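Visitor: Show me the structure, please, and take it slowly.

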Amino acid sequence: MADQGENGRRSGETDRTADGIAGISGEPGTPAVRVRGLWKTFGEQPAVAGIDLDLPAGRFIGLVGPNGAGKTTTLSMITGLLRPDEGTVEIAGHDVWRDPVAVKSRIGVLPEGLRLFERLSGRELLTYLGRLRGLPGPEVERRADQLLDLLDLSGSQSKLVVDYSTGMRKKIGLAAALLHNPEVLFLDEPFEGVDPVSAQTIRGVLERFTDSGATVVFSSHVMELVESLCDWVAVISAGRIRAQGPLAEVRGDAPSLQDAFLALVGASRGNPQGHDLDWLGGGR
C-alpha cells in the first residue's frame with residue numbers, strides 16, 4: 001500500500017475538487033496505461049490477439065468495439081483480474097503482475113457483472129472497503145458522505161445492496177471504485193442497463209473526475225455515448241486494435257464516430273448481406 005498521510009491521502013496527492021474526488025497524474029510523458037503484446041486464448045479461439053496500447057494520462061478514454069470484440073477480456077487483463085497468456089501491462093509505470101500491490105492502490109475498477117457484498121448496506125459497503133484500503137475511519141466517513149450525496153444515494157445508504165436497483169448498484173460500485181482516490185478508473189459498460197437519471201449522475205461524476213486531471217478508461221459499444229464523453233478512443237475488433245488516438249483523429253473525415261467505427265471494423269450500415277426481408281412489415 002502506498003504511503004498515506006493522516007487523511008488517508010497518498011504521498012504527492014492533491015485535492016482538485018471541493019468534494020474530495022481527485023486522482024494523481026504520473027510522471028510527465030508517462031502513459032497512464034502501457035500494454036505490449038497482450039494475448040489471451042480460450043480453447044483455440046484468441047479473444048485478444050497481440051494488443052499494443054498507450055493510453056495517455058488525464059484523458060477520458062473509450063475502448064470501443066462490437067459485442068465479442070475482446071473489450072471485457074482486455075480490461076480484465078489490464079486491471080489484474082485475468083492473467084494474460086502473453087504480454088505486459090504497466091499502469092502509472094508499475095507492472096500489473098510484478099507489482100500488483102502498487103497497481104491496485106492506484107486504480108479503481110467497476111467491472112461488468114460486478115459482485116458486491118450484498119448483505120451490507122450501501123454505507124457499510126463503503127466503510128468496509130475504505131478500511132480494507134487502509135484509510136482512517138474518519139476519512140472513510142468523510143469520503144462516503146460526499147460520494148453518497150453526490151451520487152444521490154444518501155436516502156438509500158441504510159438499505160441493503162441486495163435490494164438496490166441496477167442503477168443504484170452501478171452508482172454504489174462507482175463510489176467504491178472512487179473511494180480510495182485512484183489515479184486511473186476502469187469502467188466496463190458503466191451505463192449498461194442504467195436509467196437516464198442515474199446515467200446522467202454517473203456521467204457528471206466522471207466528467208468532474210477527469211476535469212481534475214485523473215484518467216478514466218471505459219468500454220462501450222455505443223458510439224454516440226463515446227463520442228459525447230471521450231476525447232481519446234481505441235477501437236478493438238476480433239481481439240485486435242484497429243485504431244487508437246484522439247477522437248478527432250480516429251474519426252477523421254467520417255461524419256461521426258459511428259461511421260468511422262463501421263469502416264474500421266469492416267461493417268456497413270443497413271443489411272450487410274444484401275438480403276431483403278420482403279415479408280417484414282406492410283401488414284398481412
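Guide: One term to begin with: helices (H or I, at least four residues) and strands (E, at least two) are DSSP runs, numbered from the N terminus. This is a predicted model, in which local features need pLDDT of at least 70 and side-chain atom pairs count only at pLDDT 80 or more, while totals for chains, interfaces and linings use all residues. Residues are numbered from 1 along each chain as its sequence is written, and side-chain values use heavy atoms, with hydrogens and water left out.

Visitor: OK. How many helices and strands are in the chain?

Guide: The chain has nine helices and ten strands.

Visitor: What follows α1?

Guide: Gly80 follows α1, and the phi of Gly80 is positive, near 85°.

Visitor: How many residues of α1 are buried?

Guide: Seven of its eight residues are buried, so α1 is largely enclosed by the rest of the structure. Buried means under 20% relative accessible area, exposed means over 50%, and partly exposed is in between (1.4 Å probe, protein chains only).

Visitor: Which residues of α1 are the buried ones?

Guide: They are Lys71, Thr73, Thr74, Leu75, Ser76, Met77 and Ile78.

Visitor: And for the chain, what percentage is buried?

Guide: Of the 284 residues in the chain, 46% are buried.

Visitor: Which residues does Leu206 touch?

Guide: Leaving aside residues up to four places away in sequence, Leu206 touches Phe60, Leu174, Leu185, Leu187, Phe191 and Val216. A contact here means heavy atoms within 4.5 Å. Take Leu185 from that list: Leu206 and Leu185 are 21 residues apart along the chain, and their C-alpha atoms are separated by 9.2 Å.

Visitor: What about contacts in the chain as a whole: what percentage join residues at least 24 apart?

Guide: The figure is 66%, counted among contacts between residues at least 6 apart in sequence.

Visitor: Now for a loop. Where is Phe117 found?

Guide: Phe117 sits in the loop between β6 (107–110) and α3 (122–132).

Visitor: Is Phe117 buried, exposed or partly exposed?

Guide: With a relative accessible area of 46%, Phe117 is partly exposed.

Visitor: Change of topic. How many salt bridges does a search of the whole structure find?

Guide: The search finds twelve. A salt bridge is counted where a side-chain nitrogen of Lys or Arg is within 4 Å of a carboxyl oxygen of Asp or Glu. One of them joins the side chains of Lys40 and Asp85, at 3.4 Å from N to O.

Visitor: Where do Lys40 and Asp85 lie?

Guide: Lys40 is in strand β1 (residues 33–42), and Asp85 is in the loop between α1 (71–78) and β4 (86–91), so this pair ties together parts that are 45 residues apart in sequence. Lys40 counts as buried at 12% relative accessibility, whereas Asp85 is partly exposed, with a relative accessible area of 42%.

Visitor: Another one, please. What is the N to O distance between Asp145 and Arg123?

Guide: Their side chains meet in a salt bridge at 2.4 Å, N to O. This pair also links distant parts of the chain: Asp145 is in helix α4 (residues 137–150) and Arg123 in helix α3, 22 residues apart. Asp145 is partly exposed, its relative accessible area being 38%, and Arg123 counts as buried at 16% relative accessibility.

Visitor: Which residue forms a salt bridge with Glu139?

Guide: The partner is Arg142, and the closest N and O atoms are 2.8 Å apart. Here both residues lie in helix α4, three residues apart, or about one turn of the helix. Glu139 is buried, with a relative accessible area of 4%, while Arg142 is partly exposed at 33% relative accessibility.
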